[in-house]
Amino acid sequence: MQRIEADISRRQLLGGAAAVMGLFAGFGLAPREVRAQSAGRPVVLTNLRFFDGVTLAMQSGRDIVIEGGRITGLPATGTGPSEAEVIDCGGRSVTPGLIDCHWHATLVGISQIAALTQDIGWVHLMAGREAGATLMRGFTTVRDTGGPVFGLKLAIDQGAVAGPRIFPSGAMLSQTSGHGDFRLLNALPRMPGNPADYTEKTGVAAIADGRDEVLRRTREQLMKGASQIKIMAGGGVASPYDPLDTAQYTLDEMRAAVEAAADWGTYVCAHVYTPTGIMRCVEAGVRSIEHGQLADTATIRAMAAAGVWWSIQPFLADEDANQYSDPRSQAKQQQVADGTVRAFQEGKAEGVNMAFGTDVLFNPRGAATQGRQLGKLTRFMPPLEALRMATGAAGELLAMSGERAPYQGQLGVIAEGAFADVLVWDGDPATDLAFIADPDTNLRLIMKDGRILKEQL
């Protein structure tokens, strides 16, 4: 019986993957590997300067050897394996693949009204298209901080769709009236026999009140394959009903999510802006603060002392910001922007572990600004420090998923044994990061998992 079930599963997997491949190939989403590497033959990148994702300097005099999807060596120039295929980088800059630690792969490329009303199949197809564009911008890994992304991740991992590696959170956990409660007021009150809201049914959010419900919804996301859990711990900009200053989830509710995640060897990240909410998260054992632009000095120092990660975005209310028609959201957006500069400056000064994210949301045009958002960090720190936030530091944050990490290996670094996610650029990251804003022109080679997806050398 077990053999029969295994055979059926294998046939379904192979047949399903082939069918999906055909579907997405017709839609323009199939993987775009520009050429296959010779079987068993290593690849050597030579004639380059590289940033390893950790050391704050460009290094030279070495080649990068890649085999079997991993970086297998960094020998002195010209001393690598003689049988290797050699790719001359023309003296250009090489970096690890970029990592966005706060991305919404299913929700970034569509409007909010479309996300709440359109057929979910269309939503997923749009997400597949945007995943390919994300990869072509040089972002080879994203941490998805909320949304129905498990199917997209599976399609990418199976090779049916081009896209970045995804560390999925699954549905965002929210209290009633919290930042993840997208219901209309006419849906209240919620009664025991009422069906789940559309956003809950599609896996965008999960409304959970009280310890028991939080435990259940957390465990459901882990069952689906979440690599970390996302909770809403304070008010937000995009949501109309929760003021920015509100604290969301009691300490006991937060601890329920943290305990359930810890039982699976992983952690909780939390959407929150204010000192009250952040301090409650730190006390509960939340390991990653998402946003946090309104933190005060005492709160920032508490984060540093607890070793909590700060996944922070350059929210500046500029031309690249998410667009809102509601005056209430516009006012909240400006309040966050007013705290952004200070948050970066104090976070850096106090030694908080900081990683880069964008949180482009419900913004089809904004998705293309992903690289430009990274470049904005040079307003607050030297270019290589900013780039480290989107490479080596981001990889450290992802590694907190432990055994729940969907990819077992180092990410965000150019080092022996790390995943071969490598980019070749026109531009010098030791000087500025402006070139990352124009990947069509300046990104000359994209390699993910040792596969070359773009080559213009």
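Three cavities of 30 Å³ or more turn up when the whole structure is searched; a cavity here is a set of points, on a 1 Å grid over the protein atoms alone, where a 1.4 Å probe fits but cannot get out. This is a predicted model, in which local features need pLDDT of at least 70 and side-chain atom pairs count only at pLDDT 80 or more, while totals for chains, interfaces and linings use all residues. Residues are numbered from 1 along each chain as its sequence is written, and side-chain values use heavy atoms, with hydrogens and water left out.

**The largest cavity**
- The largest cavity has a volume of about 420 Å³, a volume being the space filled by probe spheres set on the points.
- Of its 34 lining residues, which have an atom within 4 Å of a point, those closest to the centre are Phe315, Asn322, Tyr324, Asp359 and Leu361.
- The lining comprises 17 nonpolar, twelve polar and five charged residues, where Ala, Val, Leu, Ile, Met, Phe, Trp, Tyr, Cys and Pro count as nonpolar, Asp, Glu, Lys and Arg as charged, and the others, Gly among them, as polar.
- At least two lining residues come from each of β10 (229–232) and α10 (327–349), with helices (H or I, at least four residues) and strands (E, at least two) taken as DSSP runs.

**Helices α8 and α9**
- The axes of α8 (residues 275–284) and α9 (residues 297–306), which come within 10 Å, cross at roughly 15 degrees, and the two helices are therefore roughly parallel (angles under 35 degrees).
- Pro275, Ile278, Met279 and Val282 of α8 meet Thr299, Ala302, Met303 and Ala306 of α9, with contact meaning heavy atoms within 4.5 Å.
- The residues of this contact divide into seven nonpolar, one polar and no charged.

Technical notes: Axes fitted to C-alpha atoms, helices over the stretch in contact; angles between N-to-C directions. Parallel < 35°, antiparallel > 145°, perpendicular 65-115°, else oblique. 1 Å grid on protein atoms, 1.4 Å probe; cavity = no way out; pocket = protein on both sides within 12 Å on 5 of 7 lines; lining within 4 Å.
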